[in-house]
Amino acid sequence: MTIWEMLAVFLAGISAGTINTIVGSGTLITFPVLLATGLPPVTATVSNALGLIPGSVSGAIGYRAELVGQGRRILRLGVAALVGGLCGATLLLLLPSTAFETIVPVLVVLALVLVILQPRLAKAVQARRARTGTTARPDGGPLLFTGLLLASVYGGYFTAAQGIIYLSLMGMLLDDTLQRLNAVKNVLAAVVNGVAALFFLFVAEFDWTAVVLIAVGSAIGGQIGAKVGRRLPPTALRAIVVVVGVVAIVQLLVRRYG
């Protein structure tokens, strides 16, 4: 990497760590930057997964007050994250690179659609609960466990917007504040990234320069996100994620078909 590419990766790591802590989808920033430096998609993905671990841990520490009293919930949902993340990492290496390059733009599109529709979906579920007089289960029940398991498979395969998916599922199926759910999301993301990266360490190729730059940047970003995230308008964050996601999709399609 040139010095300017290294600076871009480092700044992308800070941005990703910040956004991941607040809402998720930071990979939509780091992944296209890594591709722009010339890394192959699979190498970029595994390097990104390892590099974002410090950011996830940093964000979880920043939200430690909101984690109080959620130990049982985290243990239960963490199992789904652990199993799903390992399955997703395995799929990444079993599928051919051409399949990976074809699937990723579709996953990013689905993630962006979810980013846009999540507030409406959450309101619709809450309105339905009000009409039927039902309440959300403390642990979300089998439906949330299954949903997070599948989301973690996706997260282990390609981490972009997994935090958005976690928040959407928990927001619809758990009766709790967004900040407390966001704290759980940060822990689950750390579990998925951690188990995937541990798996990749033994079987995949990393770009260690990218890993170190993203790791340091995301750790800094995790603290920034934990401190200032509550002050940022959700609409503005969603707009930023959508813009970055569109750029990522364009880059992926150009790389695949250009």
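A residue is described here as buried when its relative accessible area is under 20%. By that cut-off Thr159, at 10% relative accessibility, counts as buried. The model under discussion is predicted. Its protein chain contains twelve helices and zero strands, and buried residues account for 52% of the 258 residues.

**Overall architecture**

- Read from the N terminus, the elements of the protein chain follow the order α-α-α-α-α-α-α-α-α-α-α-α.
- Helix H3 spans residues 41-51. Ten of its eleven residues are buried, so helix H3 is largely enclosed by the rest of the structure.
- The buried residues of H3 are Pro41, Thr43, Ala44, Thr45, Val46, Ser47, Asn48, Ala49, Leu50 and Gly51.

**Thr159 and its surroundings**

- Thr159 is placed in the loop between H8 and H9.
- Thr159 and Thr45 are 114 residues apart along the chain, and 8.0 Å separates their C-alpha atoms. Thr45 is itself one of the buried residues of H3.
- Thr159 also belongs to the lining of the largest cavity, where it is among the residues that lie nearest the centre.

- Two cavities of 30 Å³ or more are found when the whole structure is searched.
- The volume of the largest cavity is about 100 Å³.
- Fourteen residues, given as 14 in the count, line the largest cavity; Asn20, Thr159, Gln162, Gly163 and Ala189 are the ones nearest its centre.
- The most is given by H10, with three residues.

**Nonpolar surface patch**

- Leu93, Leu198, Leu201, Phe202, Val203 and Trp208 make a nonpolar surface patch of about 630 Å².
- Helix H10, which covers residues 178-203, provides the largest share of the nonpolar patch, namely four residues. H10 therefore takes part both in this patch and in the lining of the largest cavity, where "buried" is defined as under 20% relative accessible area.
- Phe202, one of the patch residues, is located in helix H10. Its relative accessibility is 69%, so Phe202 counts as exposed; the cut-off for that class is over 50%.

- Phe145 is found in helix H8, residues 141-157. With a relative accessible area of 22%, Phe145 is partly exposed.
- Phe145 and Ala81 stand 64 residues apart in sequence, and their C-alpha atoms are 9.0 Å apart in space.
- Ala239 is part of helix H12, which runs over residues 234-257. A relative accessible area of 42% makes Ala239 partly exposed.
- Between Ala239 and Leu112 there are 127 residues of separation in sequence, against a C-alpha to C-alpha distance of 10.0 Å in space.

Definitions and conventions
Residues numbered from 1 in each chain as written. Predicted model: local features only at pLDDT ≥ 70, side-chain atom pairs only at ≥ 80, totals over all residues. Heavy atoms only, no water. Patch = residues over 30% accessible without salt bridge, like charges linked within 9 Å, V, L, I, M, F, W, Y side chains within 5 Å. Areas by Shrake-Rupley, 256 points an atom, 1.4 Å probe, with all protein chains shown as cover. Salt bridge = Lys/Arg side-chain N within 4 Å of Asp/Glu carboxyl O. Helix = DSSP H or I, 4+ residues; strand = E, 2+ residues; numbered from the N terminus. Buried < 20%, exposed > 50% of the residue type's maximum accessible area, 1.4 Å probe, protein only. 1 Å grid on protein atoms, 1.4 Å probe; cavity = no way out; pocket = protein on both sides within 12 Å on 5 of 7 lines; lining within 4 Å. Points joined across faces, edges and corners; volume = space filled by probe spheres on them.
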